[in-house]
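User: I have a model open and would like to learn how to read some of its features. Where do we start?

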Amino acid sequence: MLDKPDGEVRYDAADQAEVIEGTSIRDESAPEGAVKPDGMGCHAPGEQMEAAARAAGMGEILDQYAKDYPQGPHDKPQSMCPAFGSLRVGLRMRRVGTMLSGSACCVYGLTFVSHFYGARRSVGYVPFNSETLVTGKLFEDIREAVHKMADPERYDAIVVTNLCVPTASGVPLRLLPSEINGVRIVGIDVPGFGVPTHAEAKDILAGAMLNYARAEIEAGPVQAPASGKSDRPTVSLLGEMFPADPIGIGQMLAPLGLAAGPVVPCREWRELYSALACGAVAAIHPFYTAAIREFEAAGRAVIGSAPVGHDGTAAWLAAVGEAFGLPAEKVADAQNRFLPAIRGALAATPVKGTITLSGYEGSELLVARLLIESGANVPYVGTACPKTRWSEPDRQWLEARGVTVKYRASLEDDCAAMEAIRPDLAIGTTPVVQKGKELGIPSLYFTNLISARPLMGPMGAGSLQQVVNAAIGNKDRMDHMRAFFEGVGEGDTAGIWEGEPNLRPDFRAQHQKKLDKAEKAAKAQEMI
C-alpha cells in the first residue's frame, strides 16, 4: 500500500492512469438504446448492453472484437456462454489463477461447466450489486481481490474476466496494475454481446497473454521453458488439439530439420516465450485472429490449413518448406515418407455413406476433408466460426468437391441441411444431434466423439473410420427406437397422459399476437 501526502491510502498508481471517457448514459446525447446500468441485468437485450458499454467508454474494445470476430449472419452465440472458452484456457494453465466479475448466475454456470470438464481448481469471484456497479466500487473490489490473490509462491499470472454486465457498465480492467508482487495481471472483457463463440474467447485470452509475453521479451531476458529450448527451428501450433497431434506433427517436421513448438493456448506461462520464438506458426485453428496478430507483430510467418489427410498433408508440408525457404528436394523427401502411409490408412477402412457435419470448435473443415478422403460423401459443412484467410485452402478444396461450406452457421442452418439431405450420419452440436435422433438419423456429437481424436498425419488418417462406420451401422437401431416410441407425442405433448393433452391453441395464438405486436413496435422504433 502507498501512503500519499493527502492522507489517502492507495494500493497502486491506478489513480494516475488516463481515463477514457464515454458518453454519459444520463445525457440526451447518449446513443439510442443505452440504459442506466443500475436498471440492467444480464437479461437485458444485447443491443442495449452494447449501447451501454459504448456509452461507458468500451467502444474501442467492442470495435476491435467486431473486426476480429465478424458476427453475421446470426448475431448471438448459439453455443454455451463465450466466456467458457477463455475460462477453460486459464484453468488449464499451470500456476495461473482465474477471477470472474459478472452476474452470480453466469458465474455459477461457468464454474459448474468448468468443473464438469475437470478443472479441479477454484475460480475467484468478485460479486457486485447495483450500488457497487454504479458507484465504481466494483472496480475497487476487483483491485483489492487481485492484490489479495497475487501470491508469487502460487501464481505466475492472474486472469481477470469481465462478463456481460461489468463490460456493459464500463468496469475498467485496463486500470489494474500489470504486475503485483511479481504476479502478472491480465484483464480481459468477454461479453456475450461482443464475442460470438466460446472458441473465439479462447483467442481473446491467448492474444492477451501473447501480447504481455511479447512485451516482456522486448524488455529483456525471460525465463526458459521448463522443457528447455529446441535445438532446431520450431513451428508453433495454434489451436487446441488432441494430445497426440503435436507429436505426429513433430514427426512429420523432423525430416525438414524442424520441430513442433508449443501449442497455443499454452499450458504454462513460459511456453508463451517459446511460442513467440518460433520460425513460423501453423494456424491449425484459423480463427485465432488476436493471437495471429501478435505472432505477425513478432515477425513470424503464419501457415494456414493443417496436415490432414493425403492432400492436406502434402500441401501443408510444402507451405512449411516455403515459409522456411527449404529446398524442394527436402520437402519432397518428407512428403514421400508420410503420404504413402496416409493413403494406406485412408484406404484400409473406407467410409461409405452421406454425412452432414457441423460444430463450433473451428476444426470442422479439417474433419470434412478427412472424411471425404476416407470415401464419405459430405455435401454440407457448417461452422460457427468466421471465414478467415487461414481456412481458405480448406474451403477451396471442399468446394471443388461440391461441398457447401457455411461459415457462422446457425443452428437453424445446420438442422435445415440435415433435414433436407437426410444423411446416413449427422455429426454436430448437441441440439443438432438431438434433432437427428428424433428423425431417426444416426448422430454423433462433434466435440466429444470427433475432435477428441487425432486428426493429423498418418495417425489421424485412420482415427475416424471406426467410430463413423459404427454409427452409420446403427440405422436399424434408430428405426427400432422410433417405432418403439411411436405415438407418445412430441414437443409439448410428449410423455404419458391420462387423457388428451390440453393444447389450448387459443392461448398459443394470443401469445403469438403479443410477440408480433412487440416485433412491429421494435421495427417502428428503429425507423424513427
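This is a predicted model: local features need pLDDT of at least 70, side-chain atom pairs count only at pLDDT 80 or more; totals for chains, interfaces and linings use all residues.

User: How is the packing of two helices described?

Analyst: Two packed helices are described by the angle between their axes and by the distance between those axes. Here, helix 14 (residues 364-373) packs against helix 15 (residues 392-399) at an angle of about 35 degrees, and the axes are 10 Å apart. The crossing of helix 14 over helix 15 is left-handed.

User: Which residues of helix 14 and helix 15 make the contact?

Analyst: Helix 14 contributes Leu365, Leu366, Ala368, Arg369, Ile372 and Glu373, and helix 15 contributes Pro393, Asp394, Arg395, Trp397 and Leu398. Sorted by class, the contact has seven nonpolar, four charged and no polar residues.

User: What span should the 13 residues of helix 6 have?

Analyst: Helix 6 covers residues 137-149, and at 1.5 Å a residue it should span 18 Å. Its end C-alpha atoms are 18 Å apart, so the two values agree.

User: Which residues of helix 6 are buried?

Analyst: They are Leu138, Phe139, Asp141, Ile142, Arg143, Val146, His147 and Met149. These buried residues pack against several elements, among them strand 3 (96-101), helix 5 (130-135) and strand 7 (183-189).

User: How do I read an aromatic pair?

Analyst: A pair of aromatic rings is described by the distance of the centres and the angle of the planes. The count in this model comes to four aromatic pairs. In one of them, the rings of tyrosine 65 and tyrosine 69 have centres 6.1 Å apart and planes at 50 degrees, so the pair is tilted.

User: Are tyrosine 65 and tyrosine 69 buried or exposed?

Analyst: Both tyrosine 65 and tyrosine 69 are buried.

User: Which peptide bond is cis?

Analyst: The bond from valine 264 to proline 265 is cis, with omega near 10 degrees. Proline 265 sits in the loop between strand 9 (259-264) and helix 10 (270-276).

User: What is the phi of arginine 95, and where is this residue found?

Analyst: Arginine 95 is not a glycine, yet it has a positive phi of about 55 degrees. It is found in the loop between helix 3 (83-91) and strand 3. Its relative accessibility is 34%, so arginine 95 counts as partly exposed.

User: And what about asparagine 181?

Analyst: Asparagine 181 also has a positive phi of about 55 degrees although it is not a glycine. The loop between strand 6 and strand 7 holds asparagine 181. At 52% relative accessibility, asparagine 181 counts as exposed, because the cut-off is over 50%.

Conventions: Residues are numbered from 1 along each chain as its sequence is written. Side-chain values use heavy atoms; hydrogens and water are left out. Axes are lines fitted to C-alpha atoms, for helices over the stretch in contact, and angles run from 0 to 180 degrees between N-to-C directions. Helices (H or I, at least four residues) and strands (E, at least two) are DSSP runs, numbered from the N terminus. A crossing is left-handed if the near helix is turned anticlockwise from the far one by less than a right angle, and right-handed if clockwise. Contact means heavy atoms within 4.5 Å. Ala, Val, Leu, Ile, Met, Phe, Trp, Tyr, Cys and Pro count as nonpolar, Asp, Glu, Lys and Arg as charged, and the others, Gly among them, as polar. The expected span of a helix is 1.5 Å times one less than its number of residues. Buried means under 20% relative accessible area, exposed over 50%, partly exposed in between (1.4 Å probe, protein chains only). Rings of Phe, Tyr and Trp (its six-membered ring) pair if their centres lie within 6.5 Å; planes under 30 degrees apart count as stacked, over 60 as edge-to-face and the rest as tilted.
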